[in-house]
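Visitor: I would like to learn how to read a few features of a model. Please take them one at a time.

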Amino acid sequence: MTQEMPASNPTAAQRLVETLVVNGITHVFCVPGESYLSVLDALYGVRDKIKVVTCRHEAGAANMAVAYGKLTGKPGICMVTRGPGATHGSIGIHTAQQDSVPLIYFIGQVALSDKGREAFQEVDYGQAFGPLCKLALEVEDPTRMVEVCTRAFAVAQQGRKGAVVIALPEDMLAEPAGPRKPAPVTVAHSGLEPGFLDALAARLEAADQPVLILGGTGWSAESLAALSSWIEKLGVPVALSFRRKDLIDNTHPCYIGDLGLGPNPKLIQRVKSADLVVTIGARLGENPSQAYTLLTPEESAAKLVHIHPDPEELNRVWPASLAAACETANAALSLSKLSIRRSWANTPWATEGRADLDAFLAPVAVTGSVNLSEVFKHLEKALPDAIVGNGAGNYAAWLHRFYRHRKFGTQLAPTSGAMGFGFPAAIAAKIMYPARPVVAVAGDGCFMMTSNELATAVQYDANLIIIVVDNGSYGTIRMHQERDYPQRVSATNLKNPDFAAFARSFGAWAITIDRTEAFPAALEDAGKAGKPALIHIKTSVADIAPGRTIKA
Ligand SMILES: Cc1ncc(C[n+]2csc(CCOP(=O)(O)OP(=O)(O)O)c2C)c(N)n1
Ligand SMILES: [Mg+2]
């Protein structure tokens, strides 16, 4: 492909795109707008380096950019137009922030010359999005474009990773940006002090019932491999935080389960009865801490060792007995070199933790003709290394419980609990890694929030597999409703389209099934379809959660 000559006097828009290129960005996710035509034009100039993925809704684009951030560790780049575009896509800012995922959200802004008049679609993004993100800036001076974009790359990736919002006034974008050329950002790293490591070793050696909890972001495959070997050598039980199931092979002998929604009650008991809890990377937020009940403040102060990249997170909710602000991957690498004169392998503490997990993974009985525990166990058997995306809903509780992740970078699950996330996230994954199997799992409610991106999947030959679990209900809410207001179904029933016909109308392959036994063949056919393939599974809302019926 022809590469255009760099402009002799680059505009701010061109400098912005140069900054993306030098920082190794390969994909940009957008819905175009007239407010940032000059940026789109500059992207045309580097089309052999950066692929622009055009989406059908800004929420789809933003979710895809979050997935890019999750999978690469580099900021996902989302571009949207002002007002309506910016507000549509704002879900991605929230999800990136809650998930600690690097994201840069570029917004076309009204011209500087019109600002403050409530010009067409004018919004003050610092006010609107400031509380949602790490940093929100507007570039007023074109000669500072490189400075602001470079800072955005640093802020998104340093400390606790998160979202940066940059507003781009239209007239500013077309002006000369001056001589400063962008250079790749050298991300600042933090590590553990020798004194901390000595103290941690002493605490571990004194513990009879220790547990590790891994979570958060900032991991690398290398650091996790080293940590995983160290954990195995020590035989120390390890749990994973909410929706961080890809941080250790779920068949690892020391893995005892995840602290999610609908967790194994025995796992919760085990963590409560631990005499040392070493948490690496995880905030221990509301969901993994079971609504802040996992530890009392007194227990936390006595037995929690907390390592997190952001010092503000330490001693915020959980008083720590020992704490360190340290980048997750660095912490893992340091721990993996720490020699501990003790092993918990084959102690009842470790073997019982593992046995509790195995028992929890046995398929459960259901009343309807589809057993999602069997469905997701089969999915694991057929596609053990797939990248699996999901959004929010009770269907995800089945997926998270019965599908065991094996490799780092295979889970695209929003810790923000955002419905509609998994499908666009999985499309982005398939566009980025076409040779890898990618599966999106969505409820009927969840899927309809971003199903328009079927068009994007078809347009970009993103031949992923989509599993829509259709119980005709916003099932999660129905479950809570039946508990608090029994037999008064309000606002939770759904009358759905024919999902298979809907998918085919976009050019996808699709099938509808309503029995567990039909799933293996459907999955095999979907994998051979040569196009995006949707498996519509009709389930009974009565089987509302694993091992639970609405009646019960
Ligand atoms: C964007 C968004 N809107 C609303 C909610 C609240 N919510 C959580 S789960 C849920 C229902 C999900 O329904 P569905 O996808 O059909 O899954 P099910 O629970 O039926 O398995 C709702 C409405 C949310 N988490 N995210
Ligand atoms: Mg549903």
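Visitor: Which residue lies over the face of Y44?

Guide: A charge sits over a ring if NZ of Lys or CZ of Arg is within 6 Å of the ring centre and within 35 degrees of the ring normal. Here R47 lies over the face of Y44, 4.0 Å from the ring centre. R401 is placed over the face of F360, at 3.6 Å from the ring centre. Before going on: this is a predicted model, in which local features need pLDDT of at least 70 and side-chain atom pairs count only at pLDDT 80 or more, while totals for chains, interfaces and linings use all residues. Residues are numbered from 1 along each chain as its sequence is written, chains are lettered from A and ligands numbered from 1 in the order in which they are written, and side-chain values use heavy atoms, with hydrogens and water left out.

Visitor: How many aromatic pairs does a search of the whole structure find?

Guide: A pair of aromatic rings is described by the distance of the centres and the angle of the planes. Rings of Phe, Tyr and Trp (its six-membered ring) pair if their centres lie within 6.5 Å; planes under 30 degrees apart count as stacked, over 60 as edge-to-face and the rest as tilted. The search gives eight aromatic pairs. For F447 and F499 the ring centres are 5.9 Å apart and the planes are at 65°, so this pair is edge-to-face. F447 is in helix 18 (residues 444–450) and F499 in helix 21 (residues 499–505), so the pair links distant parts of the chain, 52 residues apart. Helices (H or I, at least four residues) and strands (E, at least two) are DSSP runs, numbered from the N terminus.

Visitor: Are F447 and F499 buried or exposed?

Guide: Buried means under 20% relative accessible area, exposed over 50%, and partly exposed in between (1.4 Å probe, protein chains only). F447 and F499 are both buried. The rings of F502 and F506, with centres 5.1 Å apart and planes at 75°, also form an edge-to-face pair. F502 counts as partly exposed at 23% relative accessibility, and F506 counts as partly exposed at 24%. Elsewhere, ring pairs join Y105, Y125 and F129 into a cluster.

Visitor: Which residues coordinate the magnesium ion (ligand 2)?

Guide: Donors are N, O and S atoms within 2.8 Å of the metal (3.2 Å for Na, K and Ca); water is not among the atoms, so sites may look incomplete. The magnesium ion (ligand 2) is coordinated by D444 (OD), N471 (OD1) and S473 (O), at 2.0 to 2.2 Å. Along the chain these donors have the spacing D-x26-N-x1-S. D444 lies in helix 18 and N471 in the loop between strand 16 (465–470) and helix 20 (475–484), so the pair ties together parts that are 27 residues apart in sequence. D444 is buried, its relative accessible area being 2%.

Visitor: Which residues come nearest to ligand 1?

Guide: A residue is near a molecule or strand if one of its heavy atoms lies within 4 Å of it. Of the 17 residues around ligand 1, N394, D444, C446, G475 and T476 come nearest. A polar contact is a pair of N or O atoms within 3.5 Å; within protein, one must be able to donate a hydrogen and the other to accept it, and residues adjacent in sequence count only if both atoms are side-chain atoms. A backbone N or O atom of C446 is 2.7 Å from an oxygen atom of ligand 1. A polar side-chain atom of N471 is 3.0 Å from an oxygen atom of ligand 1. A nitrogen atom of ligand 1 lies 2.8 Å from a polar backbone atom of G417.

Visitor: Where is Q411, and which residues does Q411 touch?

Guide: Contact means heavy atoms within 4.5 Å. Q411 is in strand 14 (residues 411–412) and is buried, with a relative accessible area of 6%. Not counting residues up to four places away in sequence, Q411 touches K70, R243, R244, K245, D246, V388, H400 and H405. A polar atom of the Q411 side chain lies 2.7 Å from the backbone nitrogen of K245.

Visitor: How many residues of helix 16 are buried?

Guide: In helix 16 (residues 394–402), eight of the nine residues are buried, among them N394, H400 and R401.
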